[in-house]
Amino acid sequence: MSAVIAVSRWVLPFLALIILGKCLLPLLLGHPKEKTYGYLIDNIDGERYALNMWETSIGRSKGCDIMIGYPTVSRFQAVISRRVDGWYVFDLNSRSGITVNDTEVEKKARIQPGDTLTFGGAKFRFAVVNDPVIRVGKKKKSAAAPVSPQPVFSEFESDAPQNALPSNAKGTPKNANAPLFYDAAHRPQLHFERTGAKPDLLSERKNRAAQPITPAFTGQSQIETAPRSAVQGRHVFSRPTLTNPTTKETFMLTGNYISVGRSRGCDLVLSSPSVSRRHALLVLYEDGWAVQDSDSTYGTFLNGQRVTKPQLLFDGDTVQFGDEVLRFRAGKVGRV
Amino acid sequence: MKQTKMRRADRLRKKYRYVDRGFVLLLLTVFQLLCLLPVVFSGDDAPHTKSAVLLLGYIAFEWLYVGVVHAFLKKTNFELEFIAFFLSGLGLTVAASVSERTLLKQEVAVLLGIIVFDVLLWFLKDVRRVMAVRFPLAVASLGVLALSFVYIRFVVGAINGAYNWIVVGNGLFSIQPAEFVKIAFIFVGAASLDKLLTSKNIYLYILFAMGCIGVLFLMKDFGTALIFFATFVIIAFLRSGDVRSILFVSAAAALGAVLIVYFKPYVANRFAVYRHVWEHVDTTGYQQVRTLIYAVSGGLQGLGIGQGRLRYVAASTTDLIFGVISEELGLLIAFAIVVSFALIAVYAIRTARSAPSSFYAISACAAASMLLIQTALNIFGITDLLPLTGVTLPFLSQGGSSMICSWALFAFIKAADVRSYPELFRA
């Protein structure tokens with residue numbers, strides 16, 4: 001026995017060091033690295049600011065995680081934070097304040113992916129790529145795979161498991177229904193009432209949606225919903241377009257407004273005799289492109305309904321000028 | 001070329017992603033069995049079967065705990081628990097060599113500590129829950145500390161020159177209320193911050209901290225007061241990230257210390273022996289001098305458990321336990337203990353960056369620094385590198401309050417690790 005004890009005195013330190021080394025290795029090698037949970041995308045130049053932490057501070061100061069150099073931004077403007085029940089933005093008593101989709105934030109506000117945040121006049125779109133929270137609330141008995149609570153934007157590389165993408169619970173293939181673009185369903189709430197000069201497009205649109213729509217254009221309704229590259233999850237930066245479904249001619253919407261008509265002076269020239277020389281205007285409002293008729297002879301139609309006031313365009317809408325039918329694609333970031 | 005390198009790093013990362021539970025447990029078991037042997041078969045007496053059963057029960061409990069937690073809670077990160085098991089096991093070994101009663105008390109303390117650890121870990125899972133109790137907890141803990149001071153000051157009386165012990169049940173066991181306030185101190189310090197970069201509740205926290213430190217001063221528990229103050233400075237730095245205000249706070253504290261020494265010279269007398277222990281070998285420097293002498297005589301591999309001389313010095317199993325281990329288990333094991341505490345710091349730093357909230361990050365770093373400060377005060381105190389303040393060595397010193405508090409502080413560190421809540425967070 002004493003021999004064993006004598007040997008053990010030499011063995012013990014080595015055992016201790018192996019134990020501690022084994023505990024150290026996972027810390028040095030296998031520990032979870034910082035991940036990009038989401039992005040803030042500058043609306044002006046498309047610059048992406050990665051949200052690498054659960055709490056990210058935003059401001060003009062160098063001490064902030066995301067530094068915004070605008071003079072209107074306070075030194076410590078805001079904190080974007082993932083709490084267990086969702087993403088939040090907190091106002092740090094900033095002078096210029098924060099708005100979420102044009103609604104002013106009092107102290108904190110819950111934000112959804114796709115929301116537009118304004119920090120002292122600088123507009124950013126908020127996107128989530130890897131939601132770090134697996135499940136919220138009580139345990140569900142169903143054997144369904146863990147579903148993240150909010151739509152995950154798949155326009156960026158996502159290393160979240162594929163089943164974490166939102167599935168529309170109706171037995172449809174999982175990725176096919178993931179919201180790849182802003183469409184009407186995922187579009188943030190619009191607030192026009194703050195800018196009194198602007199027409200109330202949204203309520204008009206809602207009224208129209210309540211009426212049964214008879215699509216003027218039914219033959220090509222099976223158009224693919226998204227470019228292939230977007231389905232693969234690669235980052236594509238596409239502009240809003242108008243496409244002729246039969247000829248596949250595509251017209252890109254750039255600038256602030258586009259005139260449509262038969263005349264050579266129009267930005268978008270449609271040579272059909274049913275199109276007036278100056279038929280309609282496409283105008284870029286703060287919340288996206290809208291179409292308005294310019295007293296055309298044969299009228300402008302949005303999804304089969306005659307346009308009398310300016311109407312906002314949503315992804316997949318059908319716009320008809322005379323008998324020329326075009327399909328609107330909203331693009332990725334809206335306008336750049 | 002670069003690609004193969006990347007693949008190798010990925011492979012390594014995959015391989016060492018989680019601590020190898022079975023292997024480390026096996027090593028721990030062998031280690032603790034080898035520690036157990038000389039305790040059980042000491043001298044020419046019959047084997048101490050009771051101690052052997054208790055220590056074997058501890059080893060079995062480690063397996064059971066890791067197995068149950070892994071099987072039912074699906075947790076995979078046991079690094080902290082292994083470090084705590086390692087340190088507690090060494091403490092239990094020393095306790096077993098003193099007496100069976102000490103061992104039993106210490107083992108109950110370990111069990112209570114693990115229960116507190118798991119309850120706190122569950123509680124910290126939801127930050128909203130934490131935010132709801134922070135103010136009641138602050139008021140309650142400050143009240144308990146003040147009441148216990150009044151109780152000890154006027155009813156019980158001082159033990160070892162300080163008013164920090166409450167003795168319950170005719171000396172059956174004693175409680176140090178300050179140890180439990182440590183938990184509340186970290187809790188309130190981290191939780192009173194709503195989000196990054198806000199100073200909304202900082203004044204309330206300063207009041208709370210100053211209240212705690214003031215009562216500790218009145219208790220004459222200067223070691224714990226120093227731990228609280230250092231932790232307060234660290235929490236203040238973590239919350240603000242501002243070096244200047246930290247310097248300001250420290251300068252104010254230094255000035256306060258000078259004033260205290262000026263008006264109450266007896267406080268300074270307690271530390272008069274610092275750096276002069278060899279001039280007071282048999283009086284005030286007795287413990288430090290004996291620790292230094294006997295730790296040297298242990299050498300690299302030690303004299304063997306129960307063979308040392310330091311254990312006959314007062315407070316050998318509480319304040320001087322590091323010296324006892326150096327003498328009886330050798331310098332290498334003592335070095336391993338220091339490495340374990342360094343690992344705690346590494347763990348806190350690694351986890352804090354990816355912690356799910358600033359509360360977790362701050363509480364983990366504050367808890368780790370509290371443990372480290374306490375370790376430094378203890379080890380440097382008994383070796384006369386710092387004034388001897390009589391603080392315990394976490395996990396190793398005999399004493400229930402200290403053991404439970406150490407485990408509770410580990411809960412804060414572990415809560416910051418996203419892997420601790422596999423049902424909630426994606427690691």
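Where is the place of Asp384(B) in chain B? In this predicted model, Asp384(B) is located in the loop that lies between α15 (358-382) and α16 (400-415) of chain B. Although Asp384(B) is not a glycine, its phi is positive, at about 65°. The residue is buried, because 20 other C-beta atoms lie within 10 Å. Asp102(A) is found in the loop between β7 (98-100) and β8 (103-104) of chain A. With 18 other C-beta atoms within 10 Å, Asp102(A) is partly exposed.

When residues up to four places away in sequence are not counted, Ile413(B) touches Leu80(B), Ile344(B), Tyr347(B), Ala348(B), Ala364(B), Ala367(B) and Ala368(B). In soluble globular proteins, nonpolar side chains tend to be buried together.

Helix α6 of chain B, spanning residues 127-156, bends by about 40° at Arg134(B). A proline, Pro136(B), follows within four residues of this bend. Arg134(B) itself is among the buried residues of α6(B), as are Val130(B), Ala138(B), Leu142(B) and Phe149(B). Others that are buried in this helix include Ser141(B), Leu145(B), Ser148(B) and Ile152(B). The cover over the buried residues of α6(B) includes β1 (166-168), α7 (177-191), α8 (202-218) and α15 of chain B. After α6(B) comes Gly157(B), which has a positive phi near 100°.

Two packed helices are described by the angle between their axes and the distance between the axes. In chain B, helix α3 (residues 49-73) packs with helix α5 (residues 100-123) at an angle of about 15°, and their axes are 10 Å apart. The two helices, α3(B) and α5(B), are therefore roughly parallel, a description applied to angles under 35 degrees. The crossing of α3(B) and α5(B) is left-handed. On the side of α3(B), the contact is made by Lys50(B), Ser51(B), Leu54(B), Tyr58(B) and Tyr65(B). On the side of α5(B), the contributing residues are Glu100(B), Leu103(B), Leu104(B), Glu107(B) and Ile114(B).

Definitions and conventions. Residues numbered from 1 in each chain as written. Chains lettered and ligands numbered in written order. Predicted model: local features only at pLDDT ≥ 70, side-chain atom pairs only at ≥ 80, totals over all residues. Buried ≥ 20, exposed ≤ 12 C-beta atoms within 10 Å, placed from the backbone. Bend = angle between axes of the 7 residues up to and from the residue. Contact = placed C-beta atoms within 7 Å. Axes fitted to C-alpha atoms, helices over the stretch in contact; angles between N-to-C directions. Parallel < 35°, antiparallel > 145°, perpendicular 65-115°, else oblique. Left-handed = near helix turned anticlockwise from the far one by under 90°.
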